[in-house]
Structure formats: C-alpha cells, structure tokens
Amino acid sequence: MTLTLAEVEHIAQLARLHLSEEEKIRFREQLSAILDYAARLQQVDTRDIPPTSSVLPPRSRLREDEPRPALPQQVILANAPFPYQGYFRVPPVLE
Amino acid sequence: MPYETVIGLEVHAELQTRSKMFCACPVVDSTRAEPNTAVCPVCAGMPGTLPVVNRKAVELALRVALALECEIAPLSLFARKNYFYPDLPKGYQISQYEYPLAQRGVLRIETARGEKTVRIRRVHLEEDTGKLIHMQDPDGQSFSLVDLNRAGVPLLEIVSEPDMHSLEEVRAYATTLRAILRRVGANSGDMEKGVIRFEANVSLRPSGSQTLGTRVEIKNLNSFRAMERAIAYEIERQTDLLQNGQAVQQETLGWDEAAQVTVSQRSKEEAHDYRYFPEPDLPPLVIEPEWIEQVRANLPELPQAMKKRFIHNYGLSAGEAVLLSEEEAVARYFEACLEQAGDSIAPRTIALWITGEIFGWLNQSGEKFENLRVPPAGLVDLLRLTAKGIINLNTAKLVLNEMLASGKPAHAIIEERGLIQLDDAGQIADIVAKVLAEFPREVASYHQGKTTVFNWLLGQVMRQTAGRASPAVARAELERQLAGSKGN
C-alpha cells in the first residue's frame with residue numbers, strides 16, 4: 001500500500017512539519033513500508049483476544065484529591081519566549 | 001416538505017475537585033485567579049512528567065454515570081487525542097475513546113407532551129484545556145495570551161444519542177442534566193464561570209424518515225441561551241437549504257455571539273484527525289464492583305424523584321414541587337420544617353409559606369437562601385402560633401418579614417410589639433360598637449343594601465386593634481351588631 005503525496009502532506013500538516021519535496025518522497029516510501037508491515041499484522045485473527053492496553057496487572061493507582069502548591073508564576077513562565085503580564089504570549093489564534 | 005429536527009448534545013462539565021485530574025495543582029476559579037498560578041510541570045506538559053488519576057474525579061464521574069443509569073465499565077482506558085492548539089500544552093488531551101468509563105444510560109425529561117427518555121450514549125473522563133485571550137497591540141497587531149490554570153482540570157463528557165427533536169426538548173435535557181450534576185455534587189452549575197459547556201449535533205430529515213440527515217456540529221456553546229439560539233439558527237438555515245433543493249454540508253461550526261449566526265470553523269475540520277491511541281502513561285482504570293455499589297448507595301435522591309415524591313406524598317402542585325426540589329438547600333429546609341412540624345401543620349401550608357412569603361422576601365431583599373436567618377424550627381414555631389390562633393394570618397406575615405430581616409424568633413417579636421391576637425369576644429364587641437357609633441352614615445348605606453361597606457367596617461375594626469383582632473371573631477361580632485342595628 002503506497003501513500004499518496006497528498007496523504008504525506010496531510011500527515012506532515014497534522015504534525016506541524018514542513019517537508020521539502022525530496023523529504024516528501026523519502027517519507028512516503030518509509031511510511032508506506034510501515035503501513036505494509038501493519039497490514040501484515042492485521043492479517044492475524046484476533047477476534048477473541050482482548051487488546052493489550054497494559055502489561056501491568058490491571059489495578060488502578062489513584063491519587064487522593066489533595067492539592068499541593070503549584071509552581072510560582074515566574075517559574076512557569078521562565079522558558080516562555082514572550083511572557084506578557086503573567087501570560088504566555090503567542091501568535092494570534094483565530095477561533 | 002415538512003422536516004423533523006434531530007439533535008444530539010455533548011455536555012462538558014468540570015468536576016468539582018480540589019486538585020486537577022492528573023496532578024496535584026489546585027483547581028482555581030479560572031475567571032478570577034491570577035493567570036498561570038495553578039500550574040506545575042505535569043499540567044504544563046513538561047517532558048518526563050507522569051499523570052496520576054485523581055480518585056475524587058473518578059468518584060464524581062461514577063456518581064453522575066450512575067445517576068444517569070449507565071453501565072459502568074469494570075475496565076476503561078485513557079487515550080491521547082492529538083491536536084495542536086496553544087491552550088493544550090502537551091499537544092494532546094488525555095481523554096477516553098474506545099473504552100469509556102460508562103455507557104448506555106438514560107435521562108428522563110419533562111415536556112409539554114409528557115415524560116420522555118433521552119438515551120445517553122457514553123460518559124467519559126478527560127482533562128480541560130487552558131484558556132486563550134485574544135488581544136490587539138496599540139499598533140493593531142493581533143496576538144493571543146495563554147493561561148494554563150484551567151489546563152488539566154477534570155472534565156466529564158456526557159454524550160446523548162440524537163434523540164431530541166425540538167428546542168424545548170434540548171432545553172429540558174440541559175436543565176435536567178445540570179440539576180443532576182449539581183445534586184450529586186459533581187458540578188456547581190455556575191454557567192457564568194463556564195463550568196458547563198455544550199456542543200450540539202443538528203440535522204434535519206423528512207418527517208417520518210428513519211435515516212439521519214447530514215449533520216453539523218456546533219462547538220463552544222457556553223450558555224443555555226447561546227445553545228438555544230445556535231440550534232434555532234441552524235434549524236432555520238438547514239430548512240432553507242433543503243427547501244431550496246440544496247444540500248447541508250457536514251461541517252464544524254462555531255457560534256458568533258455578536259452576529260448571532262453560526263460560522264464555519266475550517267481550522268478545526270483539519271484537526272478532526274485526532275489519531276487517538278491508548279495513553280501509555282496511565283494503566284487501565286479499574287472500577288471494582290464494591291466501589292460502584294458504594295457510590296450507588298450514597299447517591300442522593302435526584303431532583304426529579306424528589307419532585308414526584310413531594311407531589312405524591314405532600315399534595316403539592318407541580319409548580320410548588322419544582323420550586324422546593326430544584327435547589328438542594330431549599331429541599332433540605334422544607335423537609336426539616338416537615339420534620340419539626342410533625343402532624344401539627346399541613347405540608348402544603350409549609351410549602352406555601354416557603355415559596356410565597358420566604359421566596360418573596362428573598363426576591364425583594366436580594367438575599368441568598370443559603371443565608372436565611374430563620375431556621376426551620378423558627379418558621380414552624382410561627383406557623384404553630386398562627387394555627388393556635390395566637391396571632392392572625394396577616395400578623396404572621398408581618399412577623400415573618402421581621403424574623404427574616406432581624407433573625408429574631410417569632411415569640412420575641414410578638415411580645416415586643418404586642419401582636420397577640422385579640423379574640424376576647426367582649427373586648428371586640430366594645431370596639432365594634434364604637435366603630436358603628438363613629439360611622440352612622442356607612443351603617444345606614446349598608447342597611448340600604450350597599451353590602452360592600454361591610455368589609456370597610458371590618459377594616460375599621462381591625463385598624464382599631466392594630467390588626468390584632470381575630471378576623472373570625474370580629475366578622476361574627478360585626479354581623480351580629482349590624483343585624484341588631486337594622487331598623488334603628
């Protein structure tokens with residue numbers, strides 16, 4: 001199964017990646033190979049086998065609802081390129 | 001061609017926990033707190049952090065799911081919903097997808113045509129996003145601000161089947177669900193603070209058809225009003241399209257509050273490809289049957305059941321029962337009064353005093369029911385004094401108003417102001433005689449057949465006693481003396 005170039009572009013857009021024309025062709029081949037492998041796995045009959053969602057024994061580790069102090073605002077904003085009056089400033093987002 | 005509207009609703013409700021869904025950051029009022037002051041590496045999406053599920057959030061979710069008569073999954077899974085948006089620091093939202101916490105419930109709503117059951121498809125746990133504020137520089141450049149205080153707050157998503165066919169049904173569904181969320185303690189119901197948000201699926205089909213038409217999804221409806229207007233707008237828009245032979249496009253819409261129209265949100269269409277996969281950082285959520293039974297046993301009586309009980313057991317009207325059952329504090333007050341009163345006062349009398357006098361006073365004074373200064377025993381005392389004839393009905397209303405304002409008990413006010421009902425027949429007879437002597441012209445016109453003067457004369461008697469005379473005794477005495485004075 002070979003992906004179309006449009007599909008590669010769509011996936012790149014979802015991941016916010018800008019690919020060169022050469023990269024699109026290369027990743028198209030690589031992604032197609034991965035899909036081919038997945039297609040082989042899908043041939044296995046798994047009708048009565050529950051999906052493996054965890055390799056741990058199914059037991060929930062829950063946390064009690066006890067708040068603990070958050071980080072100070074200036075620490076949270078320490079790595080922000082454009083802090084603005086206690087906020088992260090980002091390029092405009094249109095709703 | 002007549003069309004039938006088909007509506008399904010997704011409700012997002014924040015769960016009232018003290019800490020966030022997957023970390024111990026405090027949950028703050030995101031409309032008031034300083035931005036980014038309730039944020040830690042987990043909810044800021046820092047690499048290397050791990051989420052841990054809040055037990056209370058699961059418990060509240062179970063309460064809601066059981067109140068909606070859902071089947072609880074003994075094992076459910078968290079999943080990553082991947083999309084990029086600045087209010088989502090991890091680049092994915094932890095949610096539940098293929099294996100939700102609960103499925104197949106019902107919500108019974110009341111409509112003009114009687115009770116109707118709306119099926120609940122699923123109830124699942126997820127986390128809220130941060131908040132975005134859109135700004136403009138003085139030089140006109142736009143930018144957005146991100147506050148992550150709300151990021152990671154536990155959120156419950158409740159998805160209905162497309163079982164609703166009118167605005168009335170949607171309204172009943174939304175208000176009934178909100179009342180349940182509040183009653184089980186899952187959510188404050190404070191719409192102003194955005195703790196409940198709606199998304200609606202709307203489609204039309206020819207009346208009588210069983211297949212669903214093309215639907216649109218309207219996102220970000222933050223109030224009952226916005227939800228109703230957006231759905232009403234969509235019904236009209238789609239009806240116009242279909243009647244003109246055009247097709248409805250399947251799309252995601254937003255509601256433009258200012259323009260009162262729905263608008264296409266192409267940016268979010270693209271992001272619809274969420275690439276869900278099981279959250280590798282969280283083990284399956286296991287709910288032991290004992291936990292379910294314990295939550296079920298601790299569920300409070302729901303507003304609808306309470307309303308029916310009030311009508312059935314206490315003979316209240318539907319309107320009175322709604323007023324007394326929709327707020328938990330009011331319901332508790334009413335039932336505490338009933339308990340205090342025993343058999344001494346009819347439940348309906350108590351109901352009418354609460355919904356009439358007390359609610360009236362609250363409306364006028366702007367006070368909150370929660371701050372009421374008259375305890376149930378205080379109201380019952382007052383009603384007993386009235387029932388025993390110690391004070392009359394009008395005096396009781398005056399006394400209650402003063403009790404509400406000052407918090408003083410009824411007997412103190414009655415003593416202080418000398419309001420005890422006057423029912424001594426001899427004393428009242430003297431006052432009636434005095435009134436008749438004072439107003440001979442009115443007495444004459446009464447005898448000439450102008451019977452309405454009777455009430456005016458009774459009013460004079462009440463005035464002479466500062467309202468304290470027993471109306472029954474005064475009325476009887478006035479009738480007796482007027483009959484006696486005829487022909488004089």
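Which residue stands opposite B:Asn82 in β6(B)? That would be B:Tyr92. Keep in mind that this is a predicted model.

**The three-stranded sheet in chain B**

- This open sheet runs in the order β6-β5-β16, and its pairing is antiparallel.
- The edge positions go to β6 (92-95) and β16 (277-278) of chain B; each has a single partner strand, so one side of each lacks a neighbour in the sheet.
- β5 of chain B covers residues 79-82 and pairs with β6(B) over four bridges, in the antiparallel sense.
- The B:Asn82 and B:Tyr92 pair from the opening question sits here, with B:Tyr92 on the β6(B) side.

**The sheet that draws on both chains**

- Four strands make up this open sheet, in the order β2(A)-β3(A)-β10(B)-β9(B), again with antiparallel pairing.
- At its edges you'll find β2 (83-84) of chain A and β9 (131-136) of chain B, each with a single partner strand, so one side of each is left without a neighbour in the sheet.
- On the chain A side, β2(A) is joined by two bridges to β3 of chain A (residues 87-90), and the two run antiparallel.
- Within that pairing, A:Tyr84 has A:Tyr87 of β3(A) as its bridge partner.

**Strand β1 of chain B**

- One of its pairings is with β12 of chain B (residues 196-206), antiparallel and spanning 11 bridges.
- There, B:Gly8 stands opposite B:Asn201 of β12(B).
- β1(B) is also joined to β11 of chain B (residues 154-160), by five bridges and again running antiparallel.
- For B:Ala13, the bridge partner in β11(B) is B:Leu156.

**Helices α2 and α3 of chain B**

- The axes of α2 (residues 167-183) and α3 (residues 224-243) of chain B come within 10 Å and cross at roughly 155°.
- That angle is over the 145 degree cut-off, so α2(B) and α3(B) are roughly antiparallel to each other.
- The crossing of these two helices, α2(B) and α3(B), is right-handed.
- Sorted by class, the contact of α2(B) with α3(B) has seven nonpolar residues, three charged ones and one polar.

Definitions and conventions
Residues numbered from 1 in each chain as written. Chains lettered and ligands numbered in written order. Predicted model: local features only at pLDDT ≥ 70, side-chain atom pairs only at ≥ 80, totals over all residues. Heavy atoms only, no water. Pairing = 2+ DSSP bridges. Axes fitted to C-alpha atoms, helices over the stretch in contact; angles between N-to-C directions. Parallel < 35°, antiparallel > 145°, perpendicular 65-115°, else oblique. Left-handed = near helix turned anticlockwise from the far one by under 90°. Nonpolar A, V, L, I, M, F, W, Y, C, P; charged D, E, K, R; others polar.
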